Amino acid sequence: MDADDADFGGFYKVELMNREEAKKVIAVYEMQNLSSDEKLEILECNYWFFGDKEGITEAIEEGSYPEISEDLIEIIDKTPDPFLNAESEGLVVDYLVNGLKYVTNLYLQTKLKSINPNFKDKIFGEVERAGLCPCCEYYSIDYGEDGLWDICPVCFWENGGEGPNHMTLEQAKFNFEKFGAINKDSLGFVDKNGAKKYCRKE
Ligand SMILES: [Zn+2]
């Protein structure tokens, strides 16, 4: 369906929304629904360079820290402790946006509709290039070398061969098909919506 002919009796014309914007709207909504403790946990686990501007810049150069803007570095630098304010909540949003990497446009659209039933926009934009999980075969991990040692959110397979997973790939695949994770102990860690979020290998 083209956006042009999607006219709901003249009352609502379907607009297009860029996937980056969609991710941001969802992340802000999710941030607002987190408790203070949950927000602090995200900040402490993911922004461990609080108060150290040189450290962040160095880590970005080394590639061990995500490429973030100068503005964001300034914000982290000015936040000696991860207390909650509009700025640090911005970091939580940033973290949540990052968690929506590789999800399909359809997932974003469905999610926005669940937040607001009147939402009718169509999401456009190319999905980021993701790596294929060898176990569940969803495009759910980082691409190429970046995806080495990534743990798949859909099935919990660690992308580093059979060793770190303590089982054969064949067994993990069998378990995933049978009950939805590489083994029963991992069931609590998989993303229950994982299969709806990502594209599966055809
Ligand atoms: Zn997987």
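This is a predicted model: local features need pLDDT of at least 70, side-chain atom pairs count only at pLDDT 80 or more; totals for chains, interfaces and linings use all residues.
User: Is Asn-175 buried or exposed?

Analyst: Count the C-beta atoms around it. A residue with 20 or more others within 10 Å is buried. Asn-175 has 21, so Asn-175 is buried. Asn-175 sits in helix 8, residues 169–179.

User: Which residues does Asn-175 contact, leaving aside neighbours within four places in sequence?

Analyst: Those contacts are Ala-181, Ile-182 and Asn-183. Now look at Cys-155. Cys-155 is 20 residues from Asn-175 along the chain, and their C-alpha atoms are 9.3 Å apart.

User: What does Cys-155 touch beyond four places in sequence?

Analyst: Its partners there are Cys-133, Cys-135, Cys-136, Phe-176, Ala-181, Ile-182 and Val-190.

User: How do I read a nonpolar core?

Analyst: Start with the general idea. In soluble globular proteins, nonpolar side chains tend to be buried together. Here, the largest nonpolar core has 25 residues. Cys-155 is among the members that touch the most others, and so is Trp-157. Helix 1 (19–32), helix 6 (105–115), strand 6 (139–142) and helix 8 each give this core at least two residues. Domain 1 (1–47 + 82–128) and domain 2 (130–197) each contribute at least three. A second, separate core has 10 residues, including Met-31 and Val-92.

User: At what angle do helix 1 and helix 5 pack?

Analyst: Compare the directions of their axes. The angle is about 125°, and the axes lie 8 Å apart. Helix 1 and helix 5 are therefore oblique to each other. Their crossing is right-handed. Among the residues making the contact are Ala-27 and Met-31 of helix 1, with Val-92 and Leu-96 of helix 5.

Definitions and conventions:
Residues are numbered from 1 along each chain as its sequence is written. Helices (H or I, at least four residues) and strands (E, at least two) are DSSP runs, numbered from the N terminus. A residue is buried if 20 or more other C-beta atoms lie within 10 Å of its own, exposed if 12 or fewer, and partly exposed in between; C-beta atoms are placed from the backbone. Two residues are in contact if their C-beta atoms, placed from the backbone, lie within 7 Å. A nonpolar core is a set of buried Ala, Val, Leu, Ile, Met, Phe, Trp, Tyr and Cys residues joined through C-beta atoms within 7 Å. Domain bounds come from an automatic or database domain assignment. Axes are lines fitted to C-alpha atoms, for helices over the stretch in contact, and angles run from 0 to 180 degrees between N-to-C directions. Angles under 35 degrees count as roughly parallel, over 145 as roughly antiparallel, 65 to 115 as roughly perpendicular and the rest as oblique. A crossing is left-handed if the near helix is turned anticlockwise from the far one by less than a right angle, and right-handed if clockwise.
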